Each structure stands twice: as structure tokens, then as C-alpha cells.
Amino acid sequence: MNDLLHTVTGPLPASAVRGPVLAHEHLALDLTRGADSGARLTAGHRAAITEELASLRAEFGLSLVVELTCRGMGRDVDGMARIAADSKVAVVAGTGWYYEPFHPRELSRTSAEQLAGTLVGEIERGCGGSGIRPGVIGEVGSHGDLPSEAEARTLTAAALAATATGLSVATHARLGRGGLAQLELLTAAGLPPHRVSIGHQDLLDDPAAHRELAAAGAYVAFDTVGKEGYQSDRVRLRLLLALLESGYADRALLSCDVSRHGYLVSEGGTGYGHLFRSFVPKLRAAGVDETLIDTLTRRNPLRFLTGRDGADGASSVAGGCLPGREPE
């Protein structure tokens, strides 16, 4: 447990984060494969991204972005540091390996223990000689109901590195599938469930699976808010409210997962601010109060990053509740 966040511009006390947090975003990445050139956020997009974040800081108090571009995804920690410095929004960088189609070839010959050693080296000394230390492991991925052999090794490596360094692990569960298998594998390697965020659960229309993850102690990431081509925000809202009504408000994380330049406001997309401009007002209209919104958008991601499970006064509803429900 560590109350000091490792950001791309240096250590930051978690107590200094007074505004909302985006729990799963990308500021610099390259996922292009074949003819698809849209899944990129490059130096040419840096000014537009900086402007968006600065605007969200001014309008909504945005304080922190958890940037989950890891190894093999076109990560650029120096670029992230420039965005953070210019926008005055803190950024936490990630490490680890994405799902198998993005694994480097040599990874197939490397054990989980060796891979964990690579991650620990980055976490302790910085990424690629930059001196910039990751503050989270993720987004480590799988793409099915069960991880492939290679994905099981990289997930195990993430768990081993997390337990050695005190960081938390955020996953990529493609289209929301396989989250329970991911959690089982990570915890079997010794990682406590409250140090795990299972990604993209808003793409899985399965409230029972969300409750099972939350009951086990993991964070349930509703992190593709605004991506209507994958899932409507109407369904996302229904799924999130079901989780809140089940008493698991302290297990939910929210974000937009901007992963293509077409999502930027400057290119006509909904941008990083869709969560605050569109989705949070829908939560308010559904009866979610400001204390609970603060839990979802600030306290939960800070507790996930630091491992302070149950700290900062956060309970299942943290002093707020939905109409007709008493705090549990």
C-alpha cells in the first residue's frame, strides 16, 4: 500500500488529487495493423490532446489520467510527460503486455518469472532509460473466455511484478469477456483482488458477472463510455446502476478509453470529456448524488492505484445512495 503515485512528471501524493480521475485512457499509442491507420495517437495529435485535458481541468477539475498504453502498444512516456506538464493534469503511465496479437515474437520463449523481472526493472528504474516510472501495470490483456497460453504467462508476470512492487493491475478483457478467468489467474499468482481492475465490463451485458467480480473484491471497469459503436451508453447506464443498486459502488471505475484519433474532439469525436459532459449527468438524473459521483470518479481510482481498499471513508456507497436505498 502506497499513498504516493508515480506519475510521468514525478511522485504525487494521492491526497493531492482533489478532482476527478479518468481511470483508463490513452494519450500516446499505435495499434495500427494492416490497413487500419486510425488506432493511433501520435506526436501530431499531442497539441489537441493537451488542449482537451486542460479544458477538462478548467471545466470539471480533472486531476489525473491513468494512461494504460503498455509495451507493444506504441507507448511514449516522454510524450505523456509533455502532455501532463502542458495541460497541468497528472498522468500515470503503465507497463505490461497487451493481448496476444500485439505480443513481440520473443515473448514466446520467455517464462512468466523472466517477464516479471522485465516489468520490475521498468517500475524501479523507468521506461527505456527515460527515468519515468510506471505507476500501474496495464492494460494487460486476453481475448476470449480463457487466456491463451501466452496471455496466461503475461498475466502471471503482471501479478508477480505487482506483488513485488506494490502496484495494481488493470486488464484488457476484449469485449468484456474472460474477466473472471483473468481474476482467477491473477489471484492464483498471489495478487489480492482489490489490486485488480477488470477492463471493458461495460461491453458485457451480464450484471451477474459484474456482481461476481465485485463480490470477489476486484474493481469492475466501465471504461469505454461513449463508444456507441460497441455498446450504447443507455445499456452502460443500466449495467452500472445495477451494480450500484447491488451495493458495489466502491468497486466501479469509469473512463472513456480514447484509443483512436477519431475520438478526439478536434476530429469530431466525443473526446476524453464525454464521461463528465454526458454520462455523469445521466447518473445524476437517475438519482446518483454528488458524494457517490465523487466515489466513482475520484475515490475509487485512487484506492485502486494505492491499494488503500476501504480507506478515505469509502464504503459501498460512501455516504451517498440511490433513491430508496439505505447505505450498506
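Reader: Which residues have the most contacts inside the largest nonpolar core?

Author: This is a predicted model, where local features need pLDDT of at least 70, side-chain atom pairs count only at pLDDT 80 or more, and totals for chains, interfaces and linings use all residues. Residues are numbered from 1 along each chain as its sequence is written, and side-chain values use heavy atoms, without hydrogens and water. A nonpolar core joins buried (under 20% relative accessible area, 1.4 Å probe, protein chains only) Ala, Val, Leu, Ile, Met, Phe, Trp, Tyr and Cys residues through side-chain atoms within 4.5 Å. The largest has 79 residues, and those with the most contacts inside it are Leu-53, Ile-137, Tyr-272, Leu-275 and Leu-283.

Reader: What is the bridge partner of Thr-95 in S8?

Author: Strands are DSSP runs (E, at least two residues), numbered from the N terminus. Strand S7 (residues 90-95) and strand S8 (residues 136-142) run parallel, joined by two bridges. In S8, Thr-95 has as its bridge partner Ile-137.

Reader: What is the order of the strands in the open sheet of eight strands?

Author: Strands pair if DSSP finds at least two bridges between them. The pairing in this open sheet is parallel. Its order is S3-S6-S7-S8-S9-S10-S11-S12.

Technical notes: Buried means under 20% relative accessible area, exposed over 50%, partly exposed in between (1.4 Å probe, protein chains only). Helices (H or I, at least four residues) and strands (E, at least two) are DSSP runs, numbered from the N terminus.
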